[in-house]
Amino acid sequence: MTLDERLENVAVIGAAGKMGSGIAVMIAQEMAKLKLQPENSDKIYRLYLIDINEKALDGLRSYMKAQLTKVAEKSTVLLRSLYTAREDLVENRQVIDAFVDDSGSVLNFSPDMSVARNAHMVFEAILEDEKIKIKLYKKLKKICPDHTYFLTNTSSIPISFLDEHAGLDGRIIGYHFYNPPVVQRLVEVISPKAMNDELKQLGSQLGERLRKKLVPSNDISGFIGNGHFMRDGLYALSELERLQRTYRQVGALYVMNTVSQNFLLRPMGIFQLIDYVGIDIFQCILKVMRTHLGDARLRSKTIDRMVKLGVLGGQYSDGSQKNGFLQYEKSRPVGIFNIRKKEYFTINDRWKKKMDGIIGPLPDGLVSWKGLLMDPGRKDRLHTHFTALKAIDSLGAQLAVSFLQKTKAIGEELVKSGVARSADDVNAVLTNGFYWLYGPINEYV
Amino acid sequence: MPFFRKKVYACGGYYTISLGTGRKEFHPKKPRPGIEHYIKEAIQGSIDQVQSPEHIDEGVIGNFIASRFCHQGNLGGFFPMAHKTFQYKPCMRVEGACDSGGLALVASVKTILADIAECVLCVGVEVQNSVKAIYGADYLAAAGWYAGERKNGHAYFFPDKFSQRAGACFEKFGFDPFRSGMAQWYTNAIENARKNPKAQEYHNRNTSLYETGLSAPNPKAFCEHINVFDCSKVSDGGAALIFASEEGLKNIGVDKKDAVEVVSYAQVQDNITTAPPDLTKLTTCQIAAQRAYERAGITPQDLSVLDVHDCFTVAGLLAIEAAGLVEYGEVAAFVKEGNTKRDGTIPTNTSGGLIGYGHPTGATGVRQAVDVVHQLSNKAADYQVAIHTDRPYGMISSMGGDDKTVVAMIFRKSD
Ligand SMILES: NC(=O)c1ccc[n+]([C@@H]2O[C@H](COP(=O)([O-])OP(=O)(O)OC[C@H]3O[C@@H](n4cnc5c(N)ncnc54)[C@H](O)[C@@H]3O)[C@@H](O)[C@H]2O)c1
C-alpha cells in the first residue's frame, strides 16, 4: 500500500491531547489536499479522532477548525489553484472556507475505539503508561486488519516491548514528534527489532510529506531525546542538592537555572525546561527508563518531592506555563519554589543583583540565545564565547564548564551504549528538538 | 488662457499617523481606533489651522471600501460628527479605488471652480487592519474587474498584478539593473519615513535596507517577482486639506502666504475591463501628467518636489517615468543614481511615500497633496527639502487600480 492509499483512512488515538491534536491537524491537511486532486474525486477520506475524554473532544472540534483555517490562510496561493474548477469560489475567503469544510468533512470524532477498525494507519498519543498502552494495542490488534500500521508517540517505552507484549508482529514504529508537533520539525524514528521494510519506508515518506526532519534512534528506553534530557536534568538536580548547602535551595536553583540559560546559551534554563515538560512527566519518563534500563540512578528525590507536593508545572490549555520549580507571570519566571516552606519566593531586584554578583559576569561581547539564533556567524561567536568562559574564574563560569563537560559525556555515552548511531544524530536531536544553538558533542570543551 | 477660470488655493493640510505593522503602537490583537477616529482627527487637525471654520461650505471624503473593511457606508455623515460647522451642509463621499483620495481632491477643486462653494474641506480615510491581509486582498481586488479577473487572479490580487509588471520590466530592461532600482526605491522610502514621525516605517531601524530590498521572492507563499518589501503595507489613516478661492481664504481667515496655489489637474480614466497596453509603462499616469503640465504651462523640469503613487516599488519607478522625468527604460538607473533622494535632482515622496509612510488607500491621494503643500509652504519640518525659486512647482500623481484611474495635480508656491 502506498502512503497516499494509507492516508485514505487514518486514526489518531489520544487525539484531544497535546500531541494527538497537533498530529491530527497535520494529517487532516494532507488528507484534504489528496481529496482535492481530481483523480481522487471518487475516494472517501476518513480521519478518526479518538479520545476517551469526551469533553476534550468537544474542544478538539473548535481547535481543529481554527487550526485548519490558519493552515488555509497560509496556503491560499496553492488552494486557489486546487480549486480552479470550482466556479463558485472566487474570493480568498470562499476558497479558505471551502478548504476548512472539505478538510473538516474528513474528520470523525469518537470516544469509542472501534471506529479505527478500517484504519490503514493509527497514530497513538495516549498517556505515557506502558500497561495502558499495551492494553490499547491488544484491542487494536483485534479490531484492525492485518495491514494496519501503528505509529506510537511514546517518549520512553521501548517499541519492541510494546510490540512483543501486544503481539503486533513488527507492525509498530516509534514516531516521536516534539511538542508542539505542528511547529517542531524534529521526529525521532525508532524501529523495533522485528519491523518490516515497508513500514520503515512509510515512515520516511510520511516524514517527507509532513516536511519533518527525521532522526533515527535505536530502540533503547528514552531514545536520544529523553535519553539526553533526563540525564541532563538529573545532573542539574544533583548540582542543586550540592549547591544548596552554600546558597540555600532557592539561591541554588536560581544559580543553575541562570547558568544553564545565559552561560550555556540555551533557549530556557534547565528548571524552566523541566517545568515546561511537566515535573510529573519528567518523573514518569525517569521511571520508565529506570525500569527498562535497570539503572537505579535514574531517580531524583527532589522531583519525587515536588510531585508529592502537587507542584507539577506543565501548561494550561491556552499554552501558558503553570507554576513548577519556578513561578510564572505571562510565562516569565517571577518566583522560585521554596520546597521546605512550600511557597514561592518572589524574585526582587536586590536579591537578583546579589545572586548575579555571586554567579559572576558573563564573558565580554554579551551574546544571547535569541541574538545568535539568526546569526550566520554563530559558530565563531560561540567559539569566542566559550573560550572566554573557560578563562573566567567565577562560580558561574565554573558551573557552566562542568555542565558543558557533563552534557558532552551524556551525549557520548548515548553513542557508546548504542542508543544513537552517531554524534551527529545526538546533535541533530538537541539542536532541532530542543533548539540548542550547538550540539552537546562539540569542541568547546 | 489658463485652465482655471479663477484662482484656487490649498491650505490647512493635516494627516494622522499611518497605523499598522512597524508602528510601536500597533498590536494585531489589541483593539484599535475605528474609522470615525481617523475622520475626526483629520478634520479637526485641518480646522485647527483656520480662524473661522463656519465659512467652510462643503465636505468631500475619499474612501475606497469601508463598506467591507469596517461595514460602514454613508461616510458623509461623519462630517457633522467631527465638527458642527458641517451640520446641514453638503457632504459626500467619492470612490475610485486607491485613487479615491485623488478624486476627492478633484471634486473639491471642481466645486470651487463651479462657483458653488468658496471653501471645501477635503478628507481621505481608510482603515484596513480590521481583517488579516489575506482577506484584505479580497476587498482591495475590487479595484480590478471582479467578474472578468478575480476568479483566475492570484490570492494576493494586486501584488501579483505589479509582480507581473516587475517581471516584464526585468525581461525588457535586464534583471539586475531594474531590481537594483527597486531596492533603491525601498531604501529611499524608509530613509524618508525616518524623518516623518507619522510614518508607519518611522521606527524602522534596519541598517541594511538595500539588501533587504533585494530579498528573494517566495512564489509559493506570495508573488513570483516581488517580495513583501516591494509592497506598501496594510494601513489605517486619514488626511485632510482645505481648498478655497481667494474669497474663501479671506472668509476662513487664512493668509495667502500660508496657502499654496493649485494651478492645474488632470483626471484620466482607462477601461477597467481591458488589460494594460504595455506592462512596462503606466500609460494612463503618463497621459495625466502630460495634461497637467500642459494645463499649468510648465514642464517636468519646473518641479522642485514630486509625490507619486508607489503602492509597489515597481509602480514608483514607472510613475517617475510616466511623470516625464526620464526617457523610457532609464528610470532604474535614474533612481539608483540617487536623483529621487531628498537631496537629488527631483526629491520624490519626501515623507516616505506609500512604502514608507503607509497606504491607507482612500487617504493616500489627500496625504500626497498635504505633503506637497507642506513642502511648498515650508511646513514639512524634518522632512523639508529645498524648494528652488526658479522651480516653484510640486506635483502629485495618484493612481487607482492597475493604472486605471489617475489624478495628477500641480501646486505652486505662493509669491
Ligand atoms: N507533551 C510532550 O512534550 C510530548 C512530546 C513527545 C512525546 N510525548 C508523548 O506523547 C504521548 C501523549 O502525550 P501528551 O503530552 O499529548 O499527553 P496529553 O495528556 O496531553 O494527551 C493524552 C490524551 O490521551 C487521552 N487518553 C488517555 N488514555 C486513553 C485511551 N485509553 N484511549 C483514548 N484516549 C486516551 C487523554 O484523554 C488525553 O486527551 C505520551 O506517550 C507522551 O510521552 C509527549
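How do the residues of the lining of the second largest pocket divide into nonpolar, polar and charged? They divide into 26 nonpolar, 13 polar and 8 charged, where Ala, Val, Leu, Ile, Met, Phe, Trp, Tyr, Cys and Pro count as nonpolar, Asp, Glu, Lys and Arg as charged, and the others, Gly among them, as polar. The model is predicted, with local features needing pLDDT of at least 70 and side-chain atom pairs pLDDT 80 or more, while totals for chains, interfaces and linings use all residues. Residues are numbered from 1 along each chain as its sequence is written, chains are lettered from A and ligands numbered from 1 in the order in which they are written, and side-chain values use heavy atoms, without hydrogens and water.

The second largest pocket holds about 1,400 Å³. On a 1 Å grid over the protein atoms alone, a pocket is an open set of points with protein on both sides within 12 Å along at least five of seven lines, a cavity is a set where a 1.4 Å probe fits but cannot get out, and lining residues have an atom within 4 Å of a point. Lining this pocket are 47 residues, of which Lys132(B), Ala133(B), Ile134(B), Tyr156(B) and Val234(B) are the closest to its centre. Helix 3 (54–74) and helix 4 (76–82) of chain A give two or more residues each, as do helix 5 (133–140), helix 7 (157–173) and strand 8 (393–400) of chain B. Helix 5 of chain B has the largest share, 5 residues.

The contact (heavy atoms within 4.5 Å) takes 15 residues from chain A and 18 residues from chain B.

The whole structure has 2 cavities of 30 Å³ or more. The largest cavity, about 50 Å³, is lined by residues of chain B, including Trp185(B), Asp310(B) and Asn349(B). Its lining has 2 nonpolar, 5 polar and 1 charged residues. The second largest cavity has a volume of about 40 Å³, and its lining includes His228(A), Arg266(A) and Trp436(A). Here the classes are 6 nonpolar, 1 polar and 2 charged.

Terms used:
Points joined across faces, edges and corners; volume = space filled by probe spheres on them. Helix = DSSP H or I, 4+ residues; strand = E, 2+ residues; numbered from the N terminus.
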